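Let's take a walk through a protein together, one step at a time. Keep the sequence and the 3D view side by side as you read.

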Amino acid sequence: MKPTIFGFTLFIAALLAPFYASAEDAETATPQYTYFTLEPDITTNYVTQGKKIGYLRLQVDLMVSDPDLIAKLEHHAPLIRDAIINIIGQQPEARIKSLAGREEIRLACFSKVNELLIMETKQRILTELLFTKYLYQ
């Protein structure tokens, strides 16, 4: 009886071994998402109606799929900040203050920053660009 149980256990282990190996491969293939926060927060003005100046303060987090790409983001942080400030400076007050407008601005910043980083590094670095703090006055 004991040889039969031992043989059956070996048989089951042999059947499950390929699944265990593929699970390890899947773990190494999944991205290791990491966030990089542009510091300090971006404070800039935007277009308003009348003589009043509108100010926007935002914190930007950049998501990458590989922690090794953080060094490239740190190196290009001034370029990224400049692109975001230029985009915000062209936005009207209504777009800054609306939720739909905020999302349009975020997407515009994401595409512009991605475009600039691809030109500079010859690879797609950003997975996502997020506004984690968004205060306007």
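Where in the chain does Arg124 lie? You will find Arg124 in the loop between H5 and E4. Keep in mind as you look that this is a predicted model.

Is Arg124 buried or exposed? Its relative accessible area is 54%, and a residue is called exposed when that value is over 50%, so Arg124 counts as exposed. Even so, Arg124 has partners from elsewhere in the sequence: setting aside residues up to four places away, Arg124 touches Phe110, Asn114 and Ile118. Take Asn114 as an example: Arg124 and Asn114 are 10 residues apart along the chain, and 6.8 Å separates their C-alpha atoms.

Now step back to see the whole chain. It contains 5 helices and 4 strands, and reading along the sequence gives the pattern α-β-β-β-α-α-α-α-β. Of its 137 residues, 32% count as buried. The accessible surface comes to about 9,100 Å², and carbon and sulfur atoms account for 60% of that. If you take the contacts between residues at least 6 apart in sequence, 69% of them join residues at least 24 apart.

Next, let's go inside. The largest nonpolar core has 30 residues, and Leu38, Leu58, Val60, Leu62, Leu73, Ile84 and Leu129 are those with the most contacts inside it. Several elements give two or more residues to this core, among them strand E3 (54-64), helix H5 (99-121) and strand E4 (126-136).

Beyond its neighbours within four places in sequence, Leu58 is in contact with several residues, including Ile42, Ile84 and Phe131. Leu58 and Tyr136 are 78 residues apart along the chain, while their C-alpha atoms are separated by 8.5 Å.

Finally, which residues make up the covered face of E2, and which the uncovered one? Ile42, Thr44 and Tyr46 form the covered face, whereas Thr43 and Asn45 form the uncovered one. E2 pairs with E3 in the antiparallel sense, over 5 bridges, and in this pairing Thr43 stands opposite Arg57 of E3.

Technical notes: Residues are numbered from 1 along each chain as its sequence is written. This is a predicted model: local features need pLDDT of at least 70, side-chain atom pairs count only at pLDDT 80 or more; totals for chains, interfaces and linings use all residues. Side-chain values use heavy atoms; hydrogens and water are left out. A nonpolar core is a set of buried Ala, Val, Leu, Ile, Met, Phe, Trp, Tyr and Cys residues joined through side-chain atoms within 4.5 Å. Buried means under 20% relative accessible area, exposed over 50%, partly exposed in between (1.4 Å probe, protein chains only). Contact means heavy atoms within 4.5 Å. Two strands pair if DSSP finds at least two bridges between them. Accessible areas come from the Shrake-Rupley method with a 1.4 Å probe; for residues, only the protein chains shown count as cover.
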